[in-house]
Amino acid sequence: LPLRTAAADRVGAAWCALASFGGGLLGGDVVDVDVKLGPNASLALVTQASNKVYRVKGDSRPTVQCLKAKVAAGALFVLIPDALVPFAAADYQQRQSFLLETGSVGELGGNNSASGPASAVVVDWLGAGRVANGESWAFKSYMSRSEFFLQQSLEPVAASVPWLIEALSLDSQDAKPTLGAANLGTVASVVAIGPRAAAVSVQLQLAAAALAARGGARVATNAIKVRDADLSAAGGLTEFTLPHLRGVVHMAATTVPASGGAATATTEGGNCTQPTVAPHESAVVARLVAQNTDDAYRLLHACFAPLAVELGTVPYAERLHASGATEHSHTSAAPHGVFLEQPESKLRAVGVGCSSSSSSSNTSMSVTQAAVLMQLADATLPTGGFAHSGGIEAFYQLGMHSSDSSQQGRGLPLPREVHTFVLSAARSNIRLQGAFAAAACDIAGSNLAEWLKLDSR
């Protein structure tokens with residue numbers, strides 16, 4: 001579904017949501033999604049909410065979802081779903097492939113937006129399940145595999161070898177003793193690659209360093225280096241500040257050079273080594289685990305803040321709620337934020353100390369968040385059938401349905417006001433669902449027997 005907003009239109013970006021008429025995915029469902037971006041395009045692909053995966057049926061067939069994306073030179077593809085929520089005994093398999101065009105320049109590091117390499121930010125996110133129902137990490141099996149291909153052309157190449165593979169495979173026997181025992185409620189991975197994702201690459205690494213410092217690690221002042229060219233591509237990024245986090249969050253970031261191999265940020269004796277951030281010539285793979293989903297939303301929102309320039313809005317902004325002060329697991333002084341300095345064209349990450357001898361319980365909200373809260377608490381908030389009737393109740397209560405004597409005898413089966421109301425409602429609905437209804441009719445008419453067989457399941 002297209003999600004047009006004034007902010008996205010101003011920067012020339014497109015937002016689309018993956019939607020279905022069901023409340024989730026059933027065992028045996030197979031979903032195929034194809035995405036193609038033209039040169040210099042910008043697309044954010046989101047989900048309506050957390051995608052639910054129900055338990056397998058008697059035939060034990062898993063739920064399968066496949067996504068294939070082709071991203072032309074200079075384009076930016078941002079895949080930012082909400083967390084997947086597998087029910088108890090659910091079996092889910094996900095396969096994703098991303099073909100990124102390297103452009104017409106001689107090397108991947110070219111920065112000409114018209115012919116430079118494609119960019120992508122991909123989030124893969126798994127929740128513990130229906131925790132309120134006692135279903136924490138109770139699914140049967142979960143497997144997700146994302147493959148990234150770098151090619152000079154978007155034309156498929158036979159037996160092409162992925163440049164990068166990001167995968168996760170879990171079952172209840174793996175997840176419960178580890179993630180469940182640690183009281184962790186969500187796990188996510190982020191892959192950022194290309195010049196238009198350079199700022200996100202930097203933010204992910206700084207976020208991992210800041211979280212390590214928050215947990216008591218000593219972060220070396222020169223732990224993260226960013227070259228001048230890469231800093232320029234990142235929009236002159238100079239700082240990162242951790243958002244307010246209420247629970248335990250762990251995060252690690254790894255740099256994968258385009259030439260192969262990996263330069264990983266590690267610790268030796270409690271001190272961070274010195275990975276080089278090269279957004280033009282590498283991908284950054286970040287993985288995080290958190291006790292609660294809200295903290296994951298806040299952290300990802302902070303890391304994706306630079307995307308507002310590309311997409312018009314920061315991803316996950318609408319998912320944030322009122323935030324309180326950060327809760328530390330220890331009372332000693334601990335670094336709270338990380339910022340960058342650039343002496344003599346070299347950048348250094350420096351910890352800023354703050355005392356956390358006591359944790360605050362103050363809660364602050366923005367004006368927008370307060371307005372939303374007041375609306376939700378309003379006893380007259382339209383919900384249920386009222387919200388899905390197209391306004392017919394209000395139309396009746398306002399007396400707009402009364403007959404119009406001037407229309408009598410003119411062949412109109414309804415009073416003028418009702419006739420106008422119905423036409424307006426129909427025009428509004430047809431813009432959103434008309435294409436889907438027409439496509440369903442065409443398919444049913446051409447292959448009705450197959451649809452009846454499918455419906456009988």
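Reader: Where is the place of Asn-40?
Author: Asn-40 sits in the loop between strand 2 and strand 3 (42-47). Strands (E, at least two residues) and helices (H or I, at least four residues) are DSSP runs, numbered from the N terminus. This is a predicted model: local features need pLDDT of at least 70, side-chain atom pairs count only at pLDDT 80 or more, and totals for chains, interfaces and linings use all residues. Residues are numbered from 1 along each chain as its sequence is written, and side-chain values use heavy atoms, leaving out hydrogens and water.

Reader: What is the phi of Asn-40?
Author: Its phi is near 65°, a positive value in a residue other than glycine. Asn-40 counts as partly exposed because its relative accessibility is 38%; buried means under 20% relative accessible area, exposed over 50%, and partly exposed in between (1.4 Å probe, protein chains only).

Reader: And where is the place of Ala-89?
Author: Ala-89 lies in the loop between strand 7 and strand 8. Ala-89 is not a glycine, yet has a positive phi of about 70°.

Reader: On to the sheet: what is the order of the 5 strands?
Author: The order is 2-5-8-10-11 in an open sheet with mixed pairing. Strand 2 (30-37) and strand 11 (164-171) are the edge strands, each pairing on one side only. Two strands pair if DSSP finds at least two bridges between them.

Reader: In what sense do strand 8 and strand 10 pair?
Author: Strand 8 (residues 91-101) and strand 10 (residues 141-151) pair in the parallel sense, over 11 bridges. Tyr-142 in strand 10 is the bridge partner of Tyr-92.

Reader: New topic: is Asp-82 buried or exposed?
Author: Asp-82 counts as buried because its relative accessibility is 6%. Its place is in the loop between strand 6 (76-80) and strand 7 (85-86).

Reader: Which side chain does a polar contact join to that of Asp-82?
Author: That of Tyr-297, at 2.4 Å. A polar contact is a pair of N or O atoms within 3.5 Å; within protein, one must be able to donate a hydrogen and the other to accept it, and residues adjacent in sequence count only if both atoms are side-chain atoms. Tyr-297 is one of the buried residues of helix 5.

Reader: How many residues of helix 5 are buried?
Author: In helix 5 (residues 293-303), 8 of the 11 residues are buried, so the helix is largely enclosed by the rest of the structure.
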